[in-house]
Amino acid sequence: MSRYFLLDEDKAATARHGGELDGMHKWRLPGVRCHACGATWSSVGHDHPEVDLSGITEHAEFERPRPEPFTEFVRLRELARPFVPPGTPLPPGTTFGPLVGRASGRFGPIDWLGGIRLLMQPDALERLQAEGIRGPRGCRTELRFRQKNPPELLEIQLNPLGRLHLDCMPPDHPPPCATCGRLNLRWPEAPILDAASLPTELDLFRLGNFATMLIGTERLVDTVSRLQLDGITFRELPIR
Ligand SMILES: [Zn+2]
């Protein structure tokens, strides 16, 4: 059985490089104001930086973050659906397109935005890919740097796959809303991965039912360590 690890930002390492980064994706689905469960909500971590929505006539409707009634959310979601692979979850707040924003200073091989969005310098990504790491794809960003000769930062597109095991969720947690799909889950103190759900063909992915969790294989951990790419911490998660 493979071993799997939860990734997090190595804040000591990224702070040492001193880069500053702030931005958001160019397009997004709105949040939803659900008439069935009464919640107004949006998800985080369902990012598709590879997807270009500029060809949609209504692309301006994807620019401003806001909640919408469920029917309007569905209309916009269906406009975006042809741009992602079949079966891709598209919850409220799913984002598309390049990261737009500002950056300054020096960056290490790996950096993060908000602790959940992974960025790499092209050289670091190429070295991982050359070592056979499967999964990460680099997407161009539209970050504006203040300095001359700025570094290039790629955002890593990670598909949402695999699931947390039900055993690590509170036993009384309510089922998802039948209308909007909201699953009111807190970050579990002791995450457990659902073995049957984990992709076998990737070394790095996001969890499908907890997209702010980035998961890597033992091979990823070994390779990052061997190449001395700083910026990530790893914590092994149990599998059931
Ligand atoms: Zn709902």
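The model is predicted, so local features need pLDDT of at least 70 and side-chain atom pairs count only at pLDDT 80 or more, while totals for chains, interfaces and linings use all residues. Residues are numbered from 1 along each chain as its sequence is written, and side-chain values use heavy atoms, with hydrogens and water left out.

Let's start with the metal. Which residues are the protein donors of the zinc ion? They are Cys34, Cys37, Cys177 and Cys180, each through its SG atom, at 2.3 to 2.4 Å from the zinc ion. A donor here is an N, O or S atom within 2.8 Å of the metal (3.2 Å for Na, K and Ca), and since water is not among the atoms, sites may look incomplete. Along the sequence, the spacing of these donor residues is C-x2-C-x139-C-x2-C. The four donor atoms subtend angles of 105 to 114 degrees around the zinc ion, so the arrangement is tetrahedral; for four donors, that word requires all angles to lie between 85 and 135 degrees.

Cys34 counts as buried because its relative accessibility is 5%, whereas Cys37, at 38%, counts as partly exposed. The cut-offs are under 20% relative accessible area for buried, over 50% for exposed, and partly exposed in between, using a 1.4 Å probe and protein chains only.

Next, please find helix 2, residues 70–80. Helices (H or I, at least four residues) and strands (E, at least two) are DSSP runs, numbered from the N terminus. In helix 2, the buried residues are Phe70, Glu72, Phe73, Leu76, Arg77 and Ala80. Why do they lie on the same side of helix 2? Because they cover an arc of only 160 degrees around the axis, where the arc is that of the directions from the helix axis to the C-beta atoms. A handy reminder: an α-helix has 3.6 residues a turn, so residues three or four places apart point the same way. Strand 3 (31–33), strand 6 (67–69) and strand 7 (95–104) are among the elements covering the buried residues of helix 2, with contact meaning heavy atoms within 4.5 Å.

Phe70 is buried at 13% relative accessible area, and Phe73 is buried at 2%.

There is another pair of rings to see, Trp187 and Phe210. Their centres are 5.7 Å apart and their planes meet at 85 degrees, so the pair is edge-to-face. Rings of Phe, Tyr and Trp (its six-membered ring) pair if their centres lie within 6.5 Å; planes under 30 degrees apart count as stacked, over 60 as edge-to-face and the rest as tilted. This pair links distant parts of the chain, 23 residues apart: Trp187 is in the loop between strand 12 (154–157) and strand 13 (204–207), and Phe210 is in strand 14 (residues 210–217). Trp187 is partly exposed at 45%, while Phe210 is buried at 10%.

Let's move to strand 1, residues 4–9. Five of its six residues are buried, so strand 1 is largely enclosed by the rest of the structure. Strand 1 pairs in the antiparallel sense with strand 15 (residues 232–237) over six bridges, and also with strand 14, antiparallel over four bridges. Two strands pair if DSSP finds at least two bridges between them. Leu7 shows both sides of this: Phe234 stands opposite Leu7 in strand 15, and Leu214 is the bridge partner of Leu7 in strand 14.

Helix 3, residues 122–130, has Pro122, Ala124, Leu125 and Leu128 as its buried residues. These cover an arc of only 165 degrees, which puts them on the same side of helix 3. On the other side, Glu126 and Ala130 are exposed. Just after helix 3, Gly132 takes a positive phi of about 90 degrees.

Asn149 counts as exposed because its relative accessibility is 75%.

Technical notes: Tetrahedral: all angles 85-135°; square planar, octahedral: opposite > 155°, others 65-115°.
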